[in-house]
Amino acid sequence: MAAVAARTTDGDGTPVPQRLLAAATRLFADRGYDRTSVQEIVESAGVTKGALYHYFGSKDDLLHEVYARVLRVQQERLDAFANADAPIEQRVRDAAADVVVTTIDNLDDASIFFRSMHHLSPEKNKQVRSERRRYHERFRALIEEGQDAGVFSKATPADLVVDYHFGSVHHLSTWYRPNGPLTQQQVADHLADLLLRALRP
C-alpha cells in the first residue's frame with residue numbers, strides 16, 4: 001500500500017485519483033454504473049485495483065465523487081455570488097445562471113448521477129442528500145432575502161421557487177446538446193430570466 005501511496009501520478013503527471021475518476025466517468029456514461037466493473041475501471045485508468053482501493057473504498061465511492069466534485073464547485077461559486085457586494089436581484093440571477101453553466105460543463109457527471117443515484121449505499125445516499133440540501137438552502141436564503149427586502153414577490157413560497165429552477169437544471173442532461181441551437185450561456189440566461197420573471201412583484 002505504501003508503494004501505491006507514493007505513486008500518486010502517472011507518466012504524464014496526472015494524479016491517479018483523477019485518472020480513476022475520468023475512467024469511471026467515461027465508462028459510467030457509456031455503459032451505465034451497474035454494467036461497469038471495477039476491473040474495467042482500473043484497466044481503463046491504467047492502474048491496479050490496489051490503487052483504486054487506496055483512494056476510493058469502492059465503486060460506490062467513485063459514483064459519489066463523480067457528483068460530489070461538481071457540487072463542491074457549485075457550492076463554492078454559489079457562496080461567492082451570495083456574499084458579493086451586488087443588488088440581490090443580480091446575485092440571484094448570477095447564481096441561477098451559474099448552476100446551469102456548471103451543470104452543462106459537467107453534463108456526463110450530472111447524467112450519471114441522476115441515472116444511478118439509487119445504486120448508492122444508504123449512507124452515501126444520505127450524505128449526498130445532505131450536500132444537495134445545503135446548496136438548495138443557500139439558494140433559498142437568497143430568494144428569501146429578496147422577498148424580505150420587497151424586491152421579490154412573496155406570492156410563491158421560496159422553496160417552490162427553488163424547486164422550479166432546479167427541476168429545469170436537473171433535466172438538462174435529457175435534452176441539451178453542445179451542437180444544438182443554443183449555447184450553454186444562452187440556456188443559462190433564458191432560465192435565469194424565467195426565474196426572475198417569476199419572482200418579480
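Student: At what angle do α2 and α5 pack, and how far apart are their axes?

Tutor: First, the ground rules. This is a predicted model, in which local features need pLDDT of at least 70 and side-chain atom pairs count only at pLDDT 80 or more, while totals for chains, interfaces and linings use all residues. Numbering starts from 1 along each chain as its sequence is written, and side-chain values use heavy atoms, without hydrogens or water.

Now your pair. α2 and α5 pack at about 95°, and their axes lie 10 Å apart. Axes are lines fitted to C-alpha atoms, for helices over the stretch in contact, with angles from 0 to 180 degrees between N-to-C directions. The two helices are therefore roughly perpendicular (65 to 115 degrees; under 35 is roughly parallel, over 145 roughly antiparallel, the rest oblique). On the α2 side, the contact uses Leu20, Leu21, Ala24, Thr25 and Phe28. On the α5 side, it uses Lys59, Leu62, Leu63, Glu65, Val66 and Arg69. Contact means heavy atoms within 4.5 Å. By class, seven of these residues are nonpolar, one is polar and three are charged. Nonpolar covers Ala, Val, Leu, Ile, Met, Phe, Trp, Tyr, Cys and Pro; charged covers Asp, Glu, Lys and Arg; the others, Gly among them, are polar.

Next partner: α3. Helix α2 spans residues 16-31 and helix α3 spans residues 38-45. Their axes come within 8 Å and cross at roughly 125°. α2 and α3 are therefore oblique to each other. The crossing is right-handed (near helix turned clockwise from the far one by less than a right angle; anticlockwise is left-handed). From α2 come Arg19, Leu20, Ala23, Ala24, Arg26, Leu27, Phe28 and Arg31. From α3 come Glu40, Ile41, Val42, Ser44 and Ala45. That contact has eight nonpolar residues, one polar and four charged. Serine 37 sits in the loop between α2 and α3. At 30% relative accessibility, serine 37 is partly exposed (buried is under 20% relative accessible area, exposed over 50%, partly exposed in between, with a 1.4 Å probe and protein chains only). Serine 37 and alanine 24 are 13 residues apart in sequence, and their C-alpha atoms are 9.5 Å apart in space.

The α2-α7 crossing is left-handed. Thr25, Phe28 and Ala29 in α2 meet Asp108, Asp109, Ile112 and Arg115 in α7. Their classes are three nonpolar, one polar and three charged.

Look at aspartate 109, in helix α7. With 6% relative accessibility, aspartate 109 is buried. Beyond residues up to four places away in sequence, aspartate 109 touches Thr25, Val66, Arg69 and Val70. Thr25 also belongs to the α2 side of the contact with α5, and Val66 and Arg69 to the α5 side. Between aspartate 109 and phenylalanine 28 there are 9.0 Å, C-alpha to C-alpha, at a separation of 81 residues in sequence.

Follow α5 onward. Aspartate 79 is in helix α5. Aspartate 79 is buried, at 18% relative accessible area. Leaving aside neighbours within four places, aspartate 79 contacts Arg134 and Arg138.

Glycine 150 follows α8, with a positive phi near 80°.

One more site: arginine 93, in helix α6. Arginine 93 touches Asp189, Ala192, Asp193 and Leu196, not counting residues up to four places away in sequence. Arginine 93 and aspartate 189 are 96 residues apart in sequence, yet 8.4 Å apart C-alpha to C-alpha.

Finally, the whole. The protein has 11 helices and zero strands (DSSP runs numbered from the N terminus: helices H or I, at least four residues; strands E, at least two). Its C-alpha trace spans about 60 × 35 × 35 Å along the principal axes. Of its 201 residues, 44% count as buried. Among contacts with a separation of 6 or more, 69% join residues 24 or more positions apart.
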